[in-house]
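Please examine the structure below, together with its sequence.

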Amino acid sequence: MSIGKGDIAPDFELADQDGNPRRLTDLLKDGPVVLFFYPGAMTKGCTAEACNFRDLGAEFQAAGVQRVGISKDTVAKQKEFADANTFDYPLLSDPEMTTIAAYGVKRKLALGPLSTKRMTFVIGTDQKIIEVVHSELDMNQHAAEALAAATS
């Protein structure tokens, strides 16, 4: 099951790279959220994608839009990834893949780090999904398209 534009985004609570619990409904109190799912921390494609979200930080901040990354990596691995790339946004750990499955980005086949599809959800403060970006290969498309959708 996958969710799409106009659907209500499933709420969740996951630990960030510092072990702090983060809940979607709490994040939305501070403005729209761009939630991007990536296959694996410290991998080439995911690093390029996450760095692009970092590099557009000023634009997201000016628009009042928060960036949040999610993968099945452990809290410790997310911390290593965040510290190595000086990310200024939370990376959430979903080792049981419950949130990944709830958003329909879990692959049917267990493919190790590739078990998660590369997808981004732009979520309005009313918890409705404004846009879904799905590109497995264009790492820079996610941040740019999510920013455009969140500010239109």
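The text that follows treats the overall fold, then the nonpolar cores, and then the salt bridges.

This is a predicted model, in which local features need pLDDT of at least 70 and side-chain atom pairs count only at pLDDT 80 or more, while totals for chains, interfaces and linings use all residues. Residues are numbered from 1 along each chain as its sequence is written, and side-chain values use heavy atoms, with hydrogens and water left out.

The protein chain contains 6 helices and 7 strands; these are DSSP runs numbered from the N terminus, helices being H or I with at least four residues and strands E with at least two. Along the sequence they follow the pattern β-β-α-β-α-α-β-α-β-α-β-β-α. Of the 152 residues, 51% count as buried, where buried means under 20% relative accessible area, exposed over 50%, and partly exposed in between (1.4 Å probe, protein chains only).

In soluble globular proteins, nonpolar side chains tend to be buried together. A nonpolar core is here a set of buried Ala, Val, Leu, Ile, Met, Phe, Trp, Tyr and Cys residues joined through side-chain atoms within 4.5 Å. The largest such core has 22 residues, and Phe-60 and Phe-87 touch the most other members. Strand 3 (33-37), helix 2 (44-55), helix 4 (75-85) and helix 6 (141-150) each give two or more residues to this core. Helix 6 gives the most, with 5 residues. Setting aside neighbours within four places in sequence, Phe-87 is in contact (heavy atoms within 4.5 Å) with Ala-50, Cys-51, Arg-54, Phe-81 and Ala-82. A second, separate core of 21 residues includes Leu-24, Ile-70, Leu-92 and Phe-121.

The whole structure holds 9 salt bridges, each a side-chain nitrogen of Lys or Arg within 4 Å of a carboxyl oxygen of Asp or Glu. One of them joins Lys-5 and Glu-131, whose closest N and O atoms are 3.5 Å apart. Because Lys-5 lies in the segment before strand 1 (13-16) and Glu-131 in strand 7 (residues 129-134), this pair ties together parts that are 126 residues apart in sequence. Lys-5 is exposed, at 58% relative accessible area, whereas Glu-131 is partly exposed, at 25%.

Another salt bridge links Asp-18 and Lys-79, with closest N and O atoms 3.1 Å apart. Asp-18 lies in the loop between strand 1 and strand 2 and Lys-79 in helix 4, so parts 61 residues apart in sequence are tied together. Finally, salt bridges that share partners join Asp-11, Glu-13 and Arg-23 into one network.
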